[in-house]
Amino acid sequence: MLEIKNLHAQVNGKKILNGINLSVRKGEIHAIMGPNGSGKSTLSSVLVGNPAFVVTEGHVVYEGKNLLELSPEDRSREGIFLSFQYPVEIPGVSMVNFMRAAVNEHRKYKGLEPVPATDFLKLMREKRSIVELDNKLAGRSVNEGFSGGEKKRNEIFQMAMLEPKLAILDETDSGLDIDALRIVAGGVNKLKTNENATIVITHYQRLLEYIKPDVVHVLYKGRIIKTAGPELALELEEKGYDWLKTED
Amino acid sequence: MQDSNQIINEVTSGDYKYGFVTDIAMEVIHKGLNEDIIRLISVKKKEPAWLLEFRLKAYRYWLTLEMPDWAHLKIPLINYQDISYYAAPKTKNTPKSLDEIDPELLKTFDKLGIPLEERKHLTGMAVDAVMDSVSVKTTFKEVLSEKGIIFSSFSEAVQHHPDLVQEYMGSVVSYRDNFFAALNSAVFSDGSFVYIPKGVHCPMELSTYFRINAANTGQFERTLIVADDESYVSYLEGCTAPMRDENQLHAAIVEIVAKEQAEVKYSTVQNWYPGDKEGKGGIYNFVTKRGLCKGKNSKISWTQVETGSAITWKYPSCILAGDNSAGEFYSVAVTNNYQQADTGTKMTHLGRNTKSLIVSKGISAGFSQNSYRGLVKISPKATGARNHSQCDSLLLSATCGAHTFPYADVRNETAIIEHEATTSKISEEQLFYCNQRGISTEEAVGLIVNGYAKEVMNKLPMEFAVEAQKLLTISLEGSVG
């Protein structure tokens, strides 16, 4: 599904990624772990086409297409979803209008008609229950006045609405208490099928107790320095990252 | 976002949907402004002597005035002798039925989305269609007259209801009010007249659609709305003009009188041709709009969505004379490219316990300049007066300007007035967040702008709201990079 080869990227002239190689197949969950500043969030930003990040070298092939040539909105319409570490507030734009615009853009891309209003509201009701958001959600402005936990649940709600092929969860566990973490992780697990894939970016092992990865990678100084099975996460929890840094 | 310049070019080049010209035989009087021209207009309109006198007095007063220069606008010199003050589609007589109206005219209004055949109306809206200097057709007149409502062109009202016109014309906006009001009073050609009798709730939206078609002419229309005791009317105004390289002048007057317990809602979607992306051409829109809350418990509410015109100079205002009367002003003003707008309101509190509310939302893009100018005046007798003003500015480019000029003149210590103001920008983070959900930058701007303007848009009648939302989006397409 996703093939990253020798990916180099920089932001504000500063090199952050220094040759990432990563291969994700459908049905898989990959965890990307690493200390602060190792390039985890840069990797997710580059994959979704954030214009602040510049790719200087390398290739990314997604579903047979050259991902780096696609606009951010087309990457979304092709099925790539990012759960933002810091979801953005958009005052005045209600969740229902925002999601309807998003869903209908996705449908238009596939050559489908817009969803009728009643069906859409039904769909919203169904999907928000996955992350236990209440019926006030539709009328609230996008992320405005949401608590930290609500923002993250709202990200997973949007993921449920858009049914991505590849979901990237960027530090989705940060700032969550244990109940919110359980709800968010539960939502992600419900959305998991054999046809889609997930990349979980996290600093801590905690989230991986709920979302079980097939593969764990350690990112350090912009490169993947170790790849192993789920047991690696536990080892990292126990030993920290320092023992790996010495191998560098 | 790296393609933003390209997008701007694509979108702003062919944007204005109403820029076509109707090819129709027009009667246009020669350019120039003097007493003979005014007499000629008056003769053409078969006016009574008192009206000609009114025009001449206004003209003579206008000659003593200079164009106002206090607004935050750069207004090029206007040669008032280089304009034709009367242009009308040629017809033999006043058409009695649609069959007698030139099909080209009907087509024009159809194209503008304003069908003049009553059967095409699903929404229950009566329309007075004005092309250049004359009213083409007023629909649903008969239905309305059963309730005693008068809805006609201004010219017809002068013929059929001269007493009403004479009593109220100039009673809210005197010809001595300002430069453009004096000019309009001298040369006005047509417009709409509305009278709602006592106790009548007008059953449909009344609407005037103003269209400039002829070149080198100005449009100077007057609208007069009189709502008698305990009556209600909602009135809409729409405007468009062809795309032309030269500027055209539009100087209108709107007067509203609301008597005891009466309520008048006046909504405008102003979409005059704004000029091209280099700032060439466009309408100069100098309009005096004022409502008088004459009776106790009366209410006048202005809602305007201003997206058009090269220059807008417009302050729909309320004089709150009746005790417990209320005035409202809801405005969205959008400027893009090289447009300039200086718009706002004046709320003059004269009666006791009078209330006013001002909600102004400015949206500026490109190289445009967008100013809110407002005055809240509390007179010594206006005990218990209240005002709340909210003025927000949204900036979409680094090269545009947004300005707020709020004035307060309070002469009664019981008054409570509040003023809130905010300035915001659409951030790249917001746009990228939308992009990541599959929403293009263009559409994201539309969503955010409509969300920002929602409080005002919600005040528009349903039939207009949808159009106005689209208009906001179109006016700003390509404006964010």
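**Entry 1**

Helices (H or I, at least four residues) and strands (E, at least two) are DSSP runs, numbered from the N terminus. The model is predicted: local features need pLDDT of at least 70, side-chain atom pairs count only at pLDDT 80 or more, and totals for chains, interfaces and linings use all residues. Residues are numbered from 1 along each chain as its sequence is written, while chains are lettered from A and ligands numbered from 1 in the order in which they are written.

**Entry 2. Chain B overall**

I looked up burial next. Chain B has 481 residues, and 55% of them count as buried. Buried means 20 or more other C-beta atoms within 10 Å of the residue's own; exposed means 12 or fewer, and partly exposed lies in between, with C-beta atoms placed from the backbone. Then I took contacts, meaning C-beta atoms, placed from the backbone, within 7 Å. Among contacts in chain B between residues at least 6 apart in sequence, 83% join residues at least 24 apart.

**Entry 3. Where B touches A**

I listed 18 residues from chain B and 21 residues from chain A in the contact. On the chain B side, helix H9 (428-436) and helix H10 (441-457) each supply at least two residues. I sorted that side by class: seven nonpolar, seven polar and four charged residues. Ala, Val, Leu, Ile, Met, Phe, Trp, Tyr, Cys and Pro count as nonpolar, Asp, Glu, Lys and Arg as charged, and the others, Gly among them, as polar.

**Entry 4. H9 against H10 in chain B**

I checked how these helices pack. H9(B) and H10(B) make an angle of about 115 degrees, and their axes are 9 Å apart. Axes are lines fitted to C-alpha atoms, for helices over the stretch in contact, and angles run from 0 to 180 degrees between N-to-C directions. The crossing of H9(B) and H10(B) is right-handed. A crossing is left-handed if the near helix is turned anticlockwise from the far one by less than a right angle, and right-handed if clockwise. From H9(B), Gln430(B), Leu431(B), Cys434(B) and Asn435(B) meet Thr441(B), Ala444(B) and Ile448(B) of H10(B). This contact has four nonpolar, three polar and no charged residues.

**Entry 5. Arg55(B)**

Is Arg55(B) buried or exposed? Arg55(B) is buried, because 21 other C-beta atoms lie within 10 Å. I placed Arg55(B) in helix H3 (residues 49-63) of chain B. Leaving aside neighbours within four places in sequence, Arg55(B) is in contact with Ile38(B), Ser42(B), Ser185(B) and Ala186(B). Its C-alpha atom is separated by 8.7 Å from that of Ala182(B), 127 residues apart along the chain.

**Entry 6. Strand E8 of chain B**

I went through strand E8 (residues 222-227) of chain B and found six of its six residues buried. Both faces are covered: Arg222(B), Leu224(B) and Val226(B) lie on one side, Thr223(B), Ile225(B) and Ala227(B) on the other. Strands pair if DSSP finds at least two bridges between them. E8(B) pairs with strand E6 (residues 191-196) of chain B in the parallel sense over six bridges. Phe193(B) stands opposite Leu224(B) in E8(B). Six bridges also join E8(B) to strand E11 (residues 253-258) of chain B, again parallel. There, Ile225(B) has Ile256(B) as its bridge partner.

**Entry 7. Nonpolar cores**

Ile256(B) turned up again here. The largest nonpolar core has 182 residues, and Val194(B), Ile256(B) and Val264(B) have the most contacts inside it. Such a core is a set of buried Ala, Val, Leu, Ile, Met, Phe, Trp, Tyr and Cys residues joined through C-beta atoms within 7 Å. H10(B) gives the largest share of this core, nine residues. Residues touched by Ile256(B), not counting those up to four places away in sequence, include Val172(B), Tyr266(B) and Leu292(B). A second, separate core of five residues includes Val127(B), Ala129(B), Tyr209(B) and Phe210(B).

**Entry 8. Sheets in chain A**

I traced an open sheet of six strands in chain A, in the order E6-E9-E10-E3-E11-E12, with mixed pairing. Strand E6 (80-83) and strand E12 (223-228) of chain A each have a single partner strand, so one side of each is left without a neighbour in the sheet. Another open sheet has four strands in the order E2-E1-E4-E5 (chain A), with antiparallel pairing.

Technical notes:
Contact = placed C-beta atoms within 7 Å.
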